[in-house]
Structures are given as structure tokens and as C-alpha cells.
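Reader: I have just opened this structure and would like a guided tour. Could you take me through it step by step?

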Amino acid sequence: MPTTPPSPLHTASSRSPRPRSGPLAGIRILDFGWVAVGPLATRLLADMGAEVIKVEHKNRLDLTRRLPVYKDQPPRPFSDEDAHPDPDKSGLFNNYNRNKLGVTLDMAKPEARAIVDLLIARSDVVSENFAPGVMERWGLTYQHMHQIRENIIFVRMSGFGHSGPYRDYKSYGPIAQAVSGLTHMSGLPGREPSGIGFAYMDNMTGYFGTSAILMALIHRMNTGEGLEFSLSGMEVGVNLLGPALLEAVASGRGTRRADFPVGNLHPVGAASPHGVYPCDAEDSWCALAVFGDEQWSQFRVALGSPSWAGTPSFQTHEMRLANHDALDSEIESWTRQRSPHEVMHNLQSHGIAAAAVQTTAELQEADPQLAERGTFVELDHPVAGSALFEGVPVHFSSTPPDHWRSSPMLGEDNTYVLENVLGISTDRVTELREQGVI
Amino acid sequence: VEFSTDPAGEMVGKLLRSAGASVVKIEPPGGACSRRVPPFVRGDPSGESLHFLWYNAGKKFLTVESTSSGHDPALAELLAGADVVIHSERPEAAERRELDYKSIRAFNPRAIVCAITPFGQTGPWVHYSACDLTALAGAGMLLLCGYDDLTIAPVRPGGYQSYHVAATFAVNSILIAVLHRGVSGPGQFLDVSVHDAVAVSLDLANPYWSYPKATVHRQASRGAAPVPTQPAVFRAADGRWLQVNLMISEDQAWRRFVSWLRDGGLSVDLEEPSYEFPAFRREHAGHIYQILDAFVGLHPADQLFWTAQDHGVPAGVVYAPEELVTDPHLAARGFFAEVPLRDGGGVPFPKVPFEAGVGYAARFPHTGHADPD
């Protein structure tokens, strides 16, 4: 397995674990999470000071370690991975696992499971998002953990939950989006659904997993008791459908009809215009929404009071809704002469909700709002290189996040965790390494 | 204590309520404006708002003459003992309503005050207006959603997702602050920005820019990517769509896929030895996907979902929301509970997605009706 030598700029000490600050300092999480959901569930917790020990299988790389999102290579689809990837080079893994410690164990070996038991005894939380059955095969049930540490918290996340006929079904973000109804809710009428163009449910199931861990910690703080929690990605998705779910079941009309979904029209007709309009360059767009007659007057002023806007067909909100195609085409003739940000700032100066449809390049490098709030955080990595990370989107007045390090290289913290956290002797750690346990 | 009337703030109270917190929503005489947001039961605008029910079921409601903090004795008492205060005001309005942290802290130093707003409390865009569509646009999510034909405008995902993303961050921040405060510590102020929350929740899109400086392009029902990828939804015989995550580079996933097709009677030439090599499969991806498309077209979506999964192939029906209430898995898990409507009927309401306790015997309390108390 080829690896890139660490950059001389990064001495061992600059990446050495240190006591954490932040509101969750002192809380230890043993994290079996992999791919996206599990790592996203502990990302915020690691940012906010929890000591997250990421357990990895040294012979079965986390999928995100293999995905070819590399700084020094042209972009490729994530399925186009190398046969023998450098496990420390992927930007995606780095984005999800910063501020965590990393250990590698061969869970097929009893010595590795003994190490896990020692870690459980010193942890507050165990989290995982394997397919149901994997943790059981290793004997890592809640009952087992509870015997080792009575008030342990065990949070499990899977696509369909841990009971019911689909409990063993496989899921990735797009599957969870499909079976929860989210994909069907998005698109233009009469076409295939456009859905959500990324693994949104990986993020959201992960974030709900964060909630589960925190709720269990609060429960323990209040009662002294641990807890086992199971989370279903499908059910998280259903909880994100919004009122349209209630309408679909309560109205009896259902949503498999010619006028659903509504594309970019307002879902309940509260705004018109309400859409995404082409601007002056290829694939450049601006979104805008006008709620009610007062805003419509302001909108007309922003557009320079064109004569079409004063015609009877656009006079009232209801008429604008009824004639939205004609309205959109008039607006488009105006937006096409302008850049997305020009449209945005012009309309915003008249109190109209409008936003350039921003690229990630713009988010990271040109958005003054995100820049001033420090939303993206720069961290260096010996192999993946220096880059901006998706930071914490919340300002805590008295407990800021503690970004201490980018993601662990494979097995980077084996010695620290075994010797410093568990108190295992250096000789024994060497032995475990030689035996292929770590 | 919740002052918000927009879905972002109301979702925060809803999620905390679902986890067992007692949530009191403060309303002016006549009720919060969100009580008048469509859709309505039976489409009747004078009736009960399903929008309001979705975001507020199970909360308690306190009507006060002035929703400024401290102007009403009942409200003042409530705030003095509150663990958490949620509002959706920008800095000046928060000060005007005495909901700013300084005002609340003056009589309740333990309070955790969470403001959830389009752009947060600071920055050059702090006073900009936003709705779900523009929030998704400005924060980079919208550009990832839509069709392969890039001359078609990006398409807004359904269901107020910008608010939901921000609400989960707000909830998690509140829980962190509660944990940090412990039993007797001081509260703090949490400034949650919808714009920021969505911008840090974009899956591959941010790393693709941070590392190879690549912009990803939207594709229908699958991940936006720097180069086009194969389709992921296929039309079944009953007209419904099936989502399939086909990973042709992985040998085990490939074998499962072929066994699914074989048992369905349409593996065609995919069992020939040349397909045992990932490189060959990648080279002939178009042909493989053609066969998959034809195969899916021969069977109803439910059957394909179940048989694919039985073979270990990640697939799922693109469910319409109303189909969820009859899905056998959710039914077996008791996921929906009937919530009463004000006029006597009822509506199936999803429970929280958490199961707690050994053997998952109990969920946290779910929703109740949204009548004013």
C-alpha cells in the first residue's frame, strides 16, 4: 500500500493528542462509525471537545478513505477508485473525521476484542452504523457493554432500524431518500423525480445520531442510567417530509398525480413569482420569491417598473399564481442581463428574498457572509494537504469549538490510545503490533 | 419556551418536544401566524392548518398580550424558570422584543437562548431576506439538485429542507449547551444560521472543491458529480420508480446484482466470464445499465425492492408520502400514530426516528394534538 511520507512541516508533536477544550471536553466516545452517517454523527461532538476514538479495521478500509477526492489529481467520479488507494489521502474522509483519534484493530482477533472491552470500560458512549448484525458478530451487544460499564450509552444507526421486516436491508443516502418519500417530493411534473442531488440522508441521519448521543448523555446526567438507542435512516427521512406528508394522507388525493411535484413553484402557493431564473452565464441562476402584494410593488420598483409588470394579468397574487409561466418568462428576460449576485443584491436592497445559486467555490472563496462568520475552517493534513473544512455553523457565546487536528491517518493514534488511554505497556503494544492485532 | 413562528424555529421545539421536553409556544392573541399557513384539513382555509400541526403538535401554548419577554407576568415566570429559549429574530428585533441574550440573562442566568435565523446574528448579509428556496440557493444545496440537462434550472427539494438542516444543528447545539451547563451552571447564547448550516452539509460537493477544485454537476436522483455517472432510478412495470445503488466496481456487489437478475430471468450475457473483471464492467457500464432498465420495467416496484434487497442489492421504491403509512416495515415498527384533528377526525403522524431502551421497547413520547392550552 503506497503512502506519502509526512510533510516536514508536520512534526509528530504538532499532531499529538492533547487535552481537549470545548463544552464536551471529558466525554469519550468509542466510534465504530464508518462511511458517512456514523462519522457525521460524531463530527460535531469531536469539534466541540469530545474525545472521539475512531475504531477502524486495518484490512477493510472505510469507504471514504478509498474515494478519490484528491488535491493533486484531476477530479474523478467517486466510484473510480484506485485498486490500492493511499488511505490517508481522501479529502472526503478528512472532512468527516477531523478532531478524532484513530485506532486500527483486527476485530477477527480475540486480543482486539479485549482491547475494545478495555475501551468500553473507559468510554461514555459507543456509536456505530454498520449493517445490523456486525456488532453482534463481535459480541458487542448492549448487554455485553452494560456488563463492562453499567451506565454505557450505545447509539446505533442503520438504514431501516434494528427491528421489522427490512432490518437487514442495505441502504445508502439515496436509498433512504427514496424510501422515505423525499425523492418523490422533488422534481418537475411529468418527469422522473429529480430528488436531492447528494446523500442528504447521510448528513441528516448522522445529525439525528448526534442528537441521540446527546439526549442519552443528558438522560444519564439526570438519572445516572445508560441507554441503548437505535436510529432508522428511513424514519429520519419521513420526519423531514414536512406538512406535505399530512396533506397527502389527510386529503385522500395522494401525490401520484400530474401536477405533483410542483418544481420550483411555492409548495402552497404563498409566493409568486417563486422560482430559479437563468442569469448572464452558462449554468448561472438566481432564486427569488415575492410574498404578497406589498413585496410585489417593491419587486416592480427593483426591476425598474417595466410596463409588463403593470398589466392586469399580474395585478393580484392570485393572478400572478395563475399566470406564472408568463410571469417567469418576463422575469427571465430581466435576469438574463445580469449576474446572479447582481440580481440578488438588487432585490435584497428592496426587501425581496433572493439569492445567487452559489457554487461550492463561491461558498468557500467568495461568500462574505460565510467568510466573516468563519464557517469554513482551514486545517492541514500531512498527506491530504491543507484545505477548508465544513465547520460548525453555530456560534456558541461561551464554548467555541476546538479544532485541534485534521483527520487521523490510518492507525495514527494506536500507540497513544493503547498506552495513554488504556495504560498498556510499550512492550505489549509492540507485541500487539507484531501480532497484527493493531 | 419557543417564540418562533417559522418552520426552522418551530422544528427546534418540535424535536425537543419529541425527546420529552416540555415546550411552551408563546402566541399573540389570535394565535401564531403559522396557524394560518396552508395546507389545511380538507383544504378549508378557515380550518386547522396541517402545516401548524406538523411543526407544533404536542407543544403547550401560552397566549400573551405582548410577546416581548417580561411584559406579561405569566410569560416572565415561565422565562425565569426556562432551560431553553428559542426565537427567530435578528439582532435589532430581538432587542426590541427583549429576547436578546442580555435581556433574558438578566433574570435567568441559566437560560440557553437559541436564535435561529437565515444568516445568523452577524455578517454583511444579516439583514437579507430569505425563504427556503433562496436559503437552499445561497448555501449551495440547490445547485446540486435537478436534472442532468443543465439548461433546466436547479429544482428545489421538497419539504423545507434548509429549515430542517438548521433545526438539527440548533437542537444539537442546545443539547450540548444543556450538557455543558449541567445542573447549575450558566447558560449561553447560540447563534444558528440557516445559511451556514446548509453550507456545511453538502456531502461530496465541498471536498470536491476543497481538494481537486472541481465543481460537481447536478444529476436526477443521484449524486452531483464532476463527471456524469450512470442513472440511478428506473421505471418499474407499475409506473413507479425504483432507486438502485449499483456498484459495478465491487466484486461482491456485482455478484449479488447478477444473482438478482438471474433469479428474475434476465441476466442476459452478464454471467459471461469477461464480466468478472471490474475494468471490463466499467467499460461496458452502458450495456449493464440497459439490462437493468429493461429488467426493472418487467416487474412492479415493490417486488423489485424486496427481491433486490433479499439478494443484498441496495434498492428502494421511490415512495410517495401517502404510501408510507401502508409500508409493512413501518407498520411492523408502529411508526405512525393517529393524531386527532380538531374537527374529530385523525391523521397518521410519524413518530420520532429513535427507539430507546434495551430491545427497543419504547420510543420517546411522540406527538399530541396542537390545540391551544
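Reader: Happy to start with a pair of helices. What is the handedness of the crossing in which α17(A) passes α18(A)?

Author: Welcome! Keep in mind that this is a predicted model. Where α17(A) passes α18(A), the crossing is right-handed.

Reader: How many charged residues are in the contact of α17(A) with α18(A)?

Author: From α17(A) come A:N414, A:T415, A:L418 and A:E419, and from α18(A) come A:T426, A:V429, A:L432 and A:R433. By class, the contact has three nonpolar and three polar residues, and the number of charged ones is two.

Reader: Let's move to chain B. Which residues of α12(B) does α10(B) meet?

Author: Helix α10 (residues 251–263) and helix α12 (residues 285–296) of chain B have axes that come within 11 Å and cross at roughly 40 degrees. That makes α10(B) oblique to α12(B), and the crossing is left-handed. On the α10(B) side are B:W254, B:F257, B:W260 and B:L261, and they meet B:I288, B:I291, B:L292 and B:F295.

Reader: How many nonpolar residues does that contact of α10(B) with α12(B) have?

Author: The residues include B:W254 from α10(B) and B:F295 from α12(B). No polar and no charged residues take part, and the nonpolar count is eight.

Reader: Now for the two chains together. How much area do chain B and chain A bury between them?

Author: The contact takes 146 residues from chain B and 149 residues from chain A. Carbon and sulfur atoms carry 66% of the buried area, which is about 13000 Å². On the chain B side, the residues that lose the most area to chain A, together 6% of what that side buries, are B:Y147, B:L179 and B:Y211.

Reader: How many salt bridges are there between chain B and chain A?

Author: Side chains of opposite charge can pair when their charged atoms come close. A:E365 and B:K213 meet in a salt bridge, at 3.0 Å from N to O. Over all chains the structure holds 46 salt bridges, and between chain B and chain A the count is seven.

Reader: How many residues apart are A:R149 and A:D124?

Author: Their side chains meet in a salt bridge, at 3.6 Å from N to O. A:R149 lies in the loop between α6 and β5 of chain A, and A:D124 in the loop between α4 and β4. The pair links distant parts of the chain, and the separation is 25 residues.

Technical notes. Residues numbered from 1 in each chain as written. Chains lettered and ligands numbered in written order. Predicted model: local features only at pLDDT ≥ 70, side-chain atom pairs only at ≥ 80, totals over all residues. Heavy atoms only, no water. Axes fitted to C-alpha atoms, helices over the stretch in contact; angles between N-to-C directions. Helix = DSSP H or I, 4+ residues; strand = E, 2+ residues; numbered from the N terminus. Parallel < 35°, antiparallel > 145°, perpendicular 65-115°, else oblique. Left-handed = near helix turned anticlockwise from the far one by under 90°. Contact = heavy atoms within 4.5 Å. Nonpolar A, V, L, I, M, F, W, Y, C, P; charged D, E, K, R; others polar. Buried area = accessible area lost by both parts, 1.4 Å probe. Salt bridge = Lys/Arg side-chain N within 4 Å of Asp/Glu carboxyl O.
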